[in-house]
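Me: I've just opened this one. Can you walk me through it, starting with a single residue?

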Amino acid sequence: MRCAVIVTIVLALVPPAAAVGKLPAPASAELCGRCHRAIRDSWATSAHANAMTSPVFLDAFDAAENEFGVEARKICLGCHAPASGLLGDTDLARKVSWEGVTCDYCHSIREVKNEGPNPKAVVQFGNVKSGPSRNSVSPSHGTAYSSVHTSALLCAVCHEYKNAGGFSVVTTYSEWKASPSGKGDLECQQCHMELVQGSVVEPRVRRESSHLVNLHAMPGSHSVSHLNKALTAKLTASRNGRTIDVAVKVKNEGAGHFLPTGSPMRQLILEVRATSAGVIIGTERRIYTRVLANAEGQTIQKEYVAFLKAAKVVSDTRLAPDETRSETFSFKVPSGQSARIDAIFFYFHPATADPEKSDRIKFLELSKTLP
């Protein structure tokens, strides 16, 4: 049986400036946070809230526009600042456009049409807010139950994307749909927006008992705890004279999609090191990633180029859902010296050509010492 996505919520009265019929369309997350502060603060830590202001994205955004012009700008904004396109604010003059995937955008989605090259959200900004609760009541704005808010299809709007050439650049939704999770009853929200105890509204506005609320921080690939849930590994090592043979069994245990997934160029890196007498005597790596090329067969090195010009897959070494892979390594160690073997996993997002401006997260470490 599918878990409930959210319990009944009684929405609070909002300040007079946002009374019924007078809410801005769309409303800023700051206005939503006047009453829903805990939810807004949780969302503010998310990749959705920072989709437009992330330094890694902004560097790639500027480079894309400089190289490919204003059309590239519009493509980027479609997911990183979706309200801007709907408002015709491609110059980003309005504050709400800088709020990334903001509250009123998601809660103004009425349905998702999975037609044509890409899924498309039907958005109606106004005084009715849609969501996964059937019994929400609010004196400040209308409410509407939305089944799509309990479905992975909601996420497909930005987590499935074909470029103008028809190449599938982002395939997270289709990966999930073909996985045991997608064929079962586990939706994206149940992993990335799990239910937690929390306040729906501020006590100063309305006093009520604590509710189960969907976690709006939406942890994913930048969350160490989520990465550790997704990937499991086992390290074994044996010594034969001066040679140490190492095996690391890696499994995509908890993700209902490939690891890594999402934007191209993302990498999952396994680094195995052998240390003896305090000196690193050997390092080997395995990189799990997707390598793309343009129509001329040239390998693409920049992420924004992949979104615009990718035409074929050169290689794909990512871990499929539930896939187990065994990696083997061999190191030479001086006779009579002990050795320490470390296996370290990193999530790496090289969105730009400059590694210093890319995200690199260490999350899982294993070690073994041999006499």
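**A first look**

Reply: Ser 276 counts as buried because its relative accessibility is 2%; buried means under 20% relative accessible area, with a 1.4 Å probe and protein chains only. This is a predicted model, where local features need pLDDT of at least 70, side-chain atom pairs count only at pLDDT 80 or more, and totals for chains, interfaces and linings use all residues. Residues are numbered from 1 along each chain as its sequence is written, and side-chain values use heavy atoms, leaving out hydrogens and water.

Me: Which strand does Ser 276 lie in?

Reply: Strand E11, residues 267–276. Strands here are DSSP runs of at least two residues (E), numbered from the N terminus.

Me: What does Ser 276 touch?

Reply: Ile 281, Val 333, Pro 334, Gln 337 and Ser 338, leaving aside residues up to four places away in sequence. Contact means heavy atoms within 4.5 Å.

Me: Which side chain makes a polar contact with the side chain of Ser 276?

Reply: That of Gln 337, at 2.7 Å. A polar contact is a pair of N or O atoms within 3.5 Å; within protein, one must be able to donate a hydrogen and the other to accept it, and residues adjacent in sequence count only if both atoms are side-chain atoms.

Me: New topic. What is the order of the open sheet of three strands?

Reply: E9-E10-E15, with antiparallel pairing. Strands E9 (231–240) and E15 (324–332) are the edges. Two strands pair if DSSP finds at least two bridges between them.

Me: How many bridges join E10 and E15?

Reply: Nine. Val 250 has Arg 325 in E15 as its bridge partner.

Me: And how much of the chain is buried?

Reply: 47% of the 371 residues.

Technical notes. Buried < 20%, exposed > 50% of the residue type's maximum accessible area, 1.4 Å probe, protein only. Helix = DSSP H or I, 4+ residues; strand = E, 2+ residues; numbered from the N terminus.
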